[in-house]
2 protein chains.
Amino acid sequence: MTVRRIEVRERVMARNDELAAQVRARLARHGVAALNLMSSPGAGKTTLLERTLEVLGEPLAIAVVAGDVQTQNDADRLSVHTGRLVQAVVTGGACHLDALQVSEALDHIDLDRTRLLIIENVGNLVCPASWDLGEQARIVLFTVTEGDDKPLKYPKMFEKADWVVMTKTDLLPYVPFDIERAERNCLQVNSALRFIRVSALTGNGLTGWFDLLHRSVVPLAGV
Amino acid sequence: MTVRRIEVRERVMARNDELAAQVRARLARHGVAALNLMSSPGAGKTTLLERTLEVLGEPLAIAVVAGDVQTQNDADRLSVHTGRLVQAVVTGGACHLDALQVSEALDHIDLDRTRLLIIENVGNLVCPASWDLGEQARIVLFTVTEGDDKPLKYPKMFEKADWVVMTKTDLLPYVPFDIERAERNCLQVNSALRFIRVSALTGNGLTGWFDLLHRSVVPLAGV
C-alpha cells in the first residue's frame, strides 16, 4: 500500500517536472521571466502584488497567474489594479499549483506582450515547495507576525527559494519577532538566500522589491 | 492515471477513517476528551498552548500531541511549561497529521492520568481539514494579521470546524482587518461556528478559551 502510494506520487511528480520544463521553454521562447511567489496564508502576497501592479504593471508588462483553493478573490483583487490580464486558477481543494495548471493559464495570456510573469501560489508553507512550475526564481514571503523559527520548521520551502521577502515590517514594534534571528534561521537552511524587507502598507522597502523585479526581466532586444 | 490516483487516495482516506474511529473509541474508554487544533503557520497555536498549559495543564490533566513538519520545536517549547508529557510527531515533510501518527503517539501517553488531549496539527489551512484524527471537536485559529476573507478561500477548514479562535487581537489597532466581517465570513461557510477572541500576549479573552476547555472535558466519575 505504502509502496504503491510512493510509486504513484513519483510518477505524478515526474510528469509535473516534464510539464514544468515545457513551461520554462515556452516562457524563454517569448522572453518572459517568471517568479513563483509562495507563503503561508495571509502573509501578504496579494497586497504586495497590488502595490506592484500599480507601479510596475505597465512598465514591466507584468502578467499574473493567481492560484486560490476555492475562490478567485485574489485574481479579482489584482484585476482592479491593472489593465493587464490576471488569470485565475481555482485549484478545487488542492493545496498547491502544478505545472499543468500554469501551462493552461498561459494559454489565456498574450506572452508576446508580457515581460514578467508572476505566479501567486496557494497560501501554504509545505506543499508548493515540491512543485516546479517552470519559474526562474522562487520567492518566499515571510511575515513578521509568524514565528522566527519558521525556516527551521518548514525547511523545504526555504531550501528551494532564491529570495525571502520579509513582509508587514510595520508591525515589528508590536510583535515578539526578532528579524535578525529570523534571517539567520533562513540562512541556516539555505546560505544562498537573499532578503528584502517590506511593508506594503507604509511602502517601506518597496523600492528594493521593485529593483528585484526590474533585474528579473530579460532585457528587451534593442534596448 | 488520474483514476488510479483517486483510487489510491480513497483507500488511504478510508484507512485513516478506520484508524480515527479506533482512536476515538480508545480515548472514550479512558474518558479523555480530544481537540484538534488547526491553523495557518504562525497563527499562534503553540503560544496559546503555552498559556493554556501554565494555567490548566495540571487542573485538567492535559496531554499534548504536537505535529511539526521537520523539527520538534513546538513540543520542546510546550515541555518547558508543563510536567505533563508532550509527545512530538515529526511528519517528515507531510503537510498534516494522520490518525496513525496520533494512535502511535498515544502509546507514549498515560491515558488513565489524562482528561484532555490537545492535538496541535501541522500549520496548514488546507490539508489537515481532510484528516480525521479521532478528535471530539475541531478548533481553527484565525489570526487578525491574515485577510478577513480566509474562510471563503479555505472553506473546507471552516466547514469542518466547531470553534474559531480569533488570535493576536492585540494587533487589531495596527492591521486592516475587520473582525466582524471575518466572523460573518466564517458563518457564511458554516453557520454553526462559535467564536472566541483572544490575545495570548496580553491575556485578553483567555478566560473564554479556558471555559471552553473546562466544558470539553468529561466530568470525572464521583465529582
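Reader: In which sense do E1(A) and E5(A) pair, and over how many bridges?

Author: Some conventions come first: this is a predicted model, in which local features need pLDDT of at least 70, side-chain atom pairs count only at pLDDT 80 or more, and totals for chains, interfaces and linings use all residues. Residues are numbered from 1 along each chain as its sequence is written, chains are lettered from A and ligands numbered from 1 in the order in which they are written, and side-chain values use heavy atoms, with hydrogens and water left out. Strands (E, at least two residues) and helices (H or I, at least four) are DSSP runs, numbered from the N terminus, and two strands pair if DSSP finds at least two bridges between them. E1(A) and E5(A) pair in the parallel sense, over four bridges; A:Met38 stands opposite A:Val140 in E5(A). E1(A) also pairs in the parallel sense with strand E4 (residues 116-120) of chain A, over five bridges, where A:Ala34 has A:Leu117 as its bridge partner.

Reader: Which residues point one way from E1(A), and which the other way?

Author: In a regular strand the side chains alternate between the two faces of the sheet. Here A:Ala33, A:Leu35 and A:Leu37 point one way, and A:Ala34, A:Asn36 and A:Met38 the other way. Six of the six residues of strand E1 (residues 33-38) of chain A are buried, where buried means under 20% relative accessible area, exposed over 50% and partly exposed in between (1.4 Å probe, protein chains only).

Reader: What rotation superposes chain B on chain A?

Author: Two copies of a chain are related by a rotation about an axis and a shift along it. Copies are superposed by least squares on the C-alpha atoms of residues with pLDDT of at least 70 in both. A rotation of 180° with 0.0 Å of shift along its axis superposes chain B on chain A (RMSD 0.0 Å). That is the relation of a two-fold axis.
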